[in-house]
Amino acid sequence: MGDFTIFWRLLNILGRIARRRSRPLRLLVDVRETPTSRGFHALAVLNLIAAHLTDVTLFLLTTGDGDEMSAIEVFRADHGVTATILTEPGLDRLRFDLVFAVTEPAGAPASEPQFARRARRSLIGAVFQQIPPRRGAIVVDGHDTAAMARSLVRLIDPLLIDPSFTTRPASCAS
Amino acid sequence: MRILIVGMHNSPHLHRWIETIDDGRATILIFPATASQAPTPAHYRYVGFGDIHPELAPGVWVMDPLQISGAEELASYADWDFVRFTHSFVQPAWLASPFRLRSVLLRFRPALLHSLETQLAGYLCVDALQDVEGRPPWIASSWGSDLELFRRFEKHHPMLRRFCTGIDRFLADCARDMVTARRFGYAGPPVEPMPATGGGDIEQLAKLATTPPSARRSIIVKGYHNWAGRGLLALSALTLIRDRLEGLSVGVLTPAPQVRAWAEQMRSTFGLDVEALPYLPTPEDAMARMANARVVIGVSISDGIPTTVLEAMTVGAFPVQTSTSCLNEWIVDGETGILVSPHDTAEMAEAIRRALTDDELVDRAAERNLEMVRLRWSREINRQRAWDLYRSVALTRD
């Protein structure tokens with residue numbers, strides 16, 4: 001009887017792993033460009049890793065501001081990536097696998113954005129101040145978009161050995 | 001010749017274009033695309049709608065910006081949101097009405113119409129010229145991001161098609177834009193691109209450069225952070241090489257409020273000599289400041305050929321610019337400037353580091369860049385080219 005229970009438990013765990021792998025990763029990115037959130041930095045990172053977003057369900061958190069919406073529109077047009085646009089009230093009932101934000105912490109002690117806890121894992125780029133790390137959260141230099149891109153790609157696909165980044169945009173519309 | 005210019009009458013780019021074409025003999029009437037009350041050069045004369053007629057004396061005239069529309073005339077613009085995208089700084093109530101522009105066309109009877117910039121001035125002309133019989137030839141200048149950015153916004157595609165199929169000559173500031181204009185239906189002959197500002201007095205400006213770039217100790221950063229500008233990413237790049245900035249000053253040109261705040265933060269957190277540059281009242285003072293810079297950095301997700309870069313090239317400041325501009329049509333990447341991704345601050349940092357440490361690179365680039373602007377940004381040469389273009393299309397009228 002005991003062997004049978006262990007067998008079913010193992011089967012259950014393997015089933016859950018298989019289901020998780022078959023479901024696209026749900027990634028929330030904070031693209032709000034505000035005094036405490038540097039969404040244009042975050043969007044720069046997404047531009048760099050656009051090739052790795054094909055199997056990701058992407059959610060973009062915005063304030064709805066025209067400049068943010070333009071930047072999203074350009075990102076979509078350049079890379080053909082689809083994304084669900086959210087504003088903060090819309091986050092209430094949603095869960096994500098991974099959250100990414102570039103934050104300019106206000107006040108002391110500096111802390112990660114509250115919504116980062118809506119996912120098991122988060123990547124936080126911090127500018128000017130350090131944020132104390134916690135389990136499941138990685139904090140990196142928010143000034144370095146290339147470093148953030150490398151970290152984010154590894155969180156999206158831990159098995160990836162040599163991630164490729166989007167090269168410099170062409171200035172000629174040829 | 002009577003020329004009707006449609007554009008932002010308060011824009012320094014428009015003022016420089018007028019300076020390029022004003023020969024004292026033509027009558028140039030500016031129809032403001034927005035109702036801004038910002039000052040214009042002292043020699044511009046203002047004229048009310050009711051006083052416009054074909055016999056206006058030669059010189060530069062501006063139609064009273066408060067008379068460019070009646071509020072009820074703007075209904076045609078209310079059903080789409082080109083204002084929200086990128087022109088959030090323009091209140092819909094400030095826009096000119098196509099009906100008023102059409103009336104001015106009938107009163108002034110210009111030999112040609114020239115729109116400067118696309119989304120405000122060009123789109124206005126599209127609507128104004130609809131169903132107008134005997135309309136004058138239309139030359140359209142595109143500025144900076146007009147086509148390059150807006151081609152990515154699907155909502156703009158119908159208007160861009162109407163614009164590109166309606167114009168008689170397309171005068172872009174980048175060669176790449178001609179390709180886009182063709183895609184949207186431009187069928188006119190090719191026209192060699194020309195910077196939006198027309199031209200500058202190169203020899204006069206070049207005299208301001210009294211120190212070789214390798215001996216200069218300052219960096220200028222373009223401080224726009226908005227619908228296209230990414231000034232904060234430029235500052236992030238500098239932060240990444242902060243240990244290389246000792247003894248150097250960083251000045252931020254026309255900083256957005258958040259860029260100004262970061263400049264202060266970089267001073268207090270890292271002890272860097274970074275400051276928001278004060279506004280200087282004369283272009284000469286601004287150019288003298290530019291002539292002290294070793295490197296000029298511009299970061300944006302979309303641009304044309306930035307005037308700041310042309311000025312930098314004239315006085316020997318080495319351009320580090322994002323590849324989303326058309327600077328590639330003016331420099332040799334890695335030799336007379338460096339192009340970088342607008343998304344990669346590490347790449348920007350490496351380019352800046354190279355420009356700060358390679359004396360031979362910046363000194364040699366200064367000579368070659370001055371030659372380039374002499375050829376392509378000279379007011380004298382471009383005045384001739386502009387008038388050749390005007391004469392080739394102008395109607396012969398009384």
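Analyst: The answers below concern a predicted model, and they follow the order you asked for.

User: How compact is chain B for a globular protein of its length?

Analyst: Chain B is built from 14 helices and 13 strands. Its radius of gyration is 22 Å, close to the 21 Å that the globule rule gives for 398 residues, so chain B is as compact as a globular protein of that length.

User: What percentage of the residues in chain B are buried?

Analyst: The C-alpha atoms of chain B fill a box of roughly 65 × 40 × 40 Å along the principal axes. Of the 398 residues in this chain, the buried ones make up 52%.

User: Is Asp388(B) buried or exposed?

Analyst: Asp388(B) is found in helix H14 of chain B, which covers residues 379-393. Because Asp388(B) has 9 C-beta neighbours inside 10 Å, the residue counts as exposed.

User: Which element gives the largest share of the side of chain B that touches chain A?

Analyst: The contact takes 35 residues from chain B and 26 residues from chain A. Elements of chain B that give two or more residues to this side include helix H6 (175-183), helix H9 (257-270) and strand E13 (338-340). The largest share, 5 residues, comes from H8(B).

Conventions: Residues are numbered from 1 along each chain as its sequence is written. Chains are lettered from A and ligands numbered from 1 in the order in which they are written. This is a predicted model: local features need pLDDT of at least 70, side-chain atom pairs count only at pLDDT 80 or more; totals for chains, interfaces and linings use all residues. Two residues are in contact if their C-beta atoms, placed from the backbone, lie within 7 Å. Helices (H or I, at least four residues) and strands (E, at least two) are DSSP runs, numbered from the N terminus. A residue is buried if 20 or more other C-beta atoms lie within 10 Å of its own, exposed if 12 or fewer, and partly exposed in between; C-beta atoms are placed from the backbone. The radius of gyration is taken over C-alpha atoms; the globule rule is 2.2 Å times the number of residues to the power 0.38.
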